[in-house]
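Try each task before you read its solution.

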Amino acid sequence: MVDLIPSSDTVMQILKRTGAFREGHFVYPNGKHSPHYFQMPLAFRYYDTARVLAVALSRKFRIDRDVSSQLPKVSIISPSSGGIPVAFGVRDALSAEQIYWAEQEGGQRMFRQYINKGEVNPCIIVDDIIRSGQAIEETAGLVESLGSNIIGCGAIVRFSSAPDTVNNVPIKSLVTFDAHMYDSGDSCADCKKNAPVENVRF
Ligand SMILES: [Zn+2]
């Protein structure tokens, strides 16, 4: 089974081919500059690609005894809309019983109303990309407030600067990406070359 998990290089090729990984000169809303940008939903717009990526991530959970011993009474949780296709794909591959996703409401991450304490199975949190880890950590807090616990966590891509555990659970990913970020244009290598800028929304 382990052999069926595509290598980091293969996953990066998929992300490049679908436009999800872009190279250039990008400026983020927080003013940081970077020579690369991930727009992960572009990889998940193709059903076949979405399936390959989600199945690959699911295999990392399947071989984890803490997870496999609790299936199918497991809940797959997405911290945001970007993680929803990942969550459905991983659920399908693992035959997990539940799916939940959080949304931002009034600047706060929350689940929909009427999800009661004690209803949420042990959780695997999955996302398309983990940049700072903030979304995962906030979601872990929500899960705990509903009386559930985290047995797994993972994403297609995790920035190497992000945490590699949440609540002592290791974060799995298909790619660990060494992101280059410049705090401002002053230190940006592409600004020095006068390369045209693309402003990205988030
Ligand atoms: Zn720049």
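The exercises below use a predicted model and cover its pockets and aromatic rings.

**Exercise 1.** Describe the largest pocket: its volume, its lining and the elements that supply it.

*Solution.* Start with the space: the volume is about 900 Å³. Next, count the lining: 32 residues. S80, I129, R131, A135 and F202 lie nearest the centre. Now find the elements that give two or more residues: β2 (33-38), β5 (103-105), β7 (123-130) and α6 (134-145). Last, sort the lining by class: 15 nonpolar, nine polar and eight charged residues.

**Exercise 2.** Which elements give two or more residues to the lining of the second largest pocket?

*Solution.* This pocket holds about 200 Å³ of space. Its lining includes F44, Y47, R51, F88 and D92. Two helical stretches of the numbering answer the task: α3 (47-62) and α5 (84-94). By class, the lining has eight nonpolar, one polar and two charged residues.

**Exercise 3.** Classify the ring pair of F21 and F38, and decide whether each residue is buried or exposed.

*Solution.* The ring centres are 4.9 Å apart and the planes meet at 50°. Stacked needs under 30 degrees and edge-to-face over 60, so the pair is tilted. F21 sits in strand β1 and F38 in strand β2, so the pair ties together parts 17 residues apart in sequence. Buried means under 20% relative accessible area. F21 has 8%, so F21 is buried. F38 has 2%, so F38 is buried.

**Exercise 4.** Which residues do ring pairs link into a cluster with F38?

*Solution.* F38 also pairs with F159, tilted at 55°, with centres 6.0 Å apart. F159 lies in strand β8, 121 residues from F38. The cluster joins F21, F38, F159 and F177.

Technical notes
Residues are numbered from 1 along each chain as its sequence is written. This is a predicted model: local features need pLDDT of at least 70, side-chain atom pairs count only at pLDDT 80 or more; totals for chains, interfaces and linings use all residues. Side-chain values use heavy atoms; hydrogens and water are left out. On a 1 Å grid over the protein atoms alone, a cavity is a set of points where a 1.4 Å probe fits but cannot get out, and a pocket is an open set with protein on both sides within 12 Å along at least five of seven lines; lining residues have an atom within 4 Å of a point. Grid points are joined across faces, edges and corners, and a volume is the space filled by probe spheres set on the points. Helices (H or I, at least four residues) and strands (E, at least two) are DSSP runs, numbered from the N terminus. Ala, Val, Leu, Ile, Met, Phe, Trp, Tyr, Cys and Pro count as nonpolar, Asp, Glu, Lys and Arg as charged, and the others, Gly among them, as polar. Rings of Phe, Tyr and Trp (its six-membered ring) pair if their centres lie within 6.5 Å; planes under 30 degrees apart count as stacked, over 60 as edge-to-face and the rest as tilted. Buried means under 20% relative accessible area, exposed over 50%, partly exposed in between (1.4 Å probe, protein chains only).
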